[in-house]
Amino acid sequence: MKGNSGNPLHLTSLNHISIVCRSLEESIDFYTNVLGFFPVRRPGSFNFDGAWLFGFGIGIHLLQSDNPEKMTKKTEINPKDNHISFQCESMSAVEKKLSEMAIKYVRARVEEGGIYVDQLFFHDPDGFMIEICNCDNLPVIPLAGEMVRSCSRVNLQVMQTHQQIQVKP
């Protein structure tokens, strides 16, 4: 795909992520009561257990594992592992709430040109990594083209529109 630029698949946004879980009930509890997602209707044609949740502009589809006893659970919190990240309003409020809920987390900090991004990493009930950050502090700078002010969806849409205009013959 060398030389391919712009939006070749005409993507518009992230729709959902799917997570296979050991216990559907535990995962629903975690994603609703810890992260603030809410259940939405799931098509009845599926022939397996699951739940659909929605919040913050994306969906989380929980899929009940066929072999929950064979699922390995990650215990070490490793910021370099697969994860999904959420922007927050207040890192201190998140940290306080995680402590109150007795959720083990790891703190990290990224610095680029005097700008700092704070991160908190923790696991869902099955060991899937969650990151909470103040990532909007750090501008998204494309390797080519103009700078975008933050990773917010509005600014990314402006960048995508600009890229599409540049790609057209």
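Me: Does Arg-109 count as buried or exposed?
Reply: At 54% relative accessibility, Arg-109 counts as exposed. The cut-off for exposed is over 50%. This is a predicted model, so read each value as computed from that model.

Me: With which residue does Arg-109 form a salt bridge?
Reply: Start with the general idea. Side chains of opposite charge can pair when their charged atoms come close. Here the partner of Arg-109 is Asp-118, and the closest N and O atoms are 2.8 Å apart. Asp-118 counts as partly exposed, at 22% relative accessibility.

Me: Which residues do salt bridges that share partners join into one network?
Reply: Lys-96, Lys-97 and Glu-100. Take one pair from that group. The side chains of Lys-97 and Glu-100 meet in a salt bridge, 3.9 Å from N to O. That pair passes because the limit is within 4 Å.

Me: Where do Lys-97 and Glu-100 lie?
Reply: Both are in helix H2, which covers residues 91-100. They are three residues apart, about one turn of the helix. Lys-97 is partly exposed at 46% relative accessibility, while Glu-100 is exposed, with a relative accessible area of 52%.

Me: How many salt bridges does the count come to?
Reply: Six. One of them joins the side chains of Lys-74 and Asp-81, at 2.7 Å from N to O. Lys-74 has a relative accessible area of 40%, so Lys-74 is partly exposed.

Me: Let me step back to the whole chain. How many helices and strands does the secondary structure come to?
Reply: Three helices and eight strands. Then read their order along the sequence. The pattern is β-α-β-β-β-β-α-β-β-β-α. As for burial, 31% of the 169 residues count as buried.

Me: Which element gives the most to the lining of the second largest pocket?
Reply: H2, with three residues. H2 and strand E5 (83-87) each supply at least two residues of this lining.

Me: How do the residues of the lining divide into nonpolar, polar and charged?
Reply: For the second largest pocket, ten are nonpolar, three are polar and one is charged.

Me: Which residues make a nonpolar surface patch of about 250 Å²?
Reply: Phe-38, Val-40 and Phe-54. Look at Val-40 in strand E2, residues 38-40. Its relative accessible area is 33%, so Val-40 is partly exposed.

Me: Last, backbone angles. Which residue has a positive phi of about 60° although it is not a glycine?
Reply: Phe-56 is such a residue. Find Phe-56 in the loop between strand E3 (50-55) and strand E4 (58-64). At 60% relative accessibility, Phe-56 counts as exposed. Phe-56 is also among the residues closest to the centre of the second largest pocket.

Me: What is phi of His-10 near?
Reply: Near 60°, a positive value in a residue other than glycine. His-10 lies in the segment before strand E1 (16-21). His-10 counts as exposed, at 65% relative accessibility.

Definitions and conventions
Residues numbered from 1 in each chain as written. Predicted model: local features only at pLDDT ≥ 70, side-chain atom pairs only at ≥ 80, totals over all residues. Heavy atoms only, no water. Buried < 20%, exposed > 50% of the residue type's maximum accessible area, 1.4 Å probe, protein only. Helix = DSSP H or I, 4+ residues; strand = E, 2+ residues; numbered from the N terminus. 1 Å grid on protein atoms, 1.4 Å probe; cavity = no way out; pocket = protein on both sides within 12 Å on 5 of 7 lines; lining within 4 Å. Nonpolar A, V, L, I, M, F, W, Y, C, P; charged D, E, K, R; others polar. Patch = residues over 30% accessible without salt bridge, like charges linked within 9 Å, V, L, I, M, F, W, Y side chains within 5 Å. Areas by Shrake-Rupley, 256 points an atom, 1.4 Å probe, with all protein chains shown as cover.
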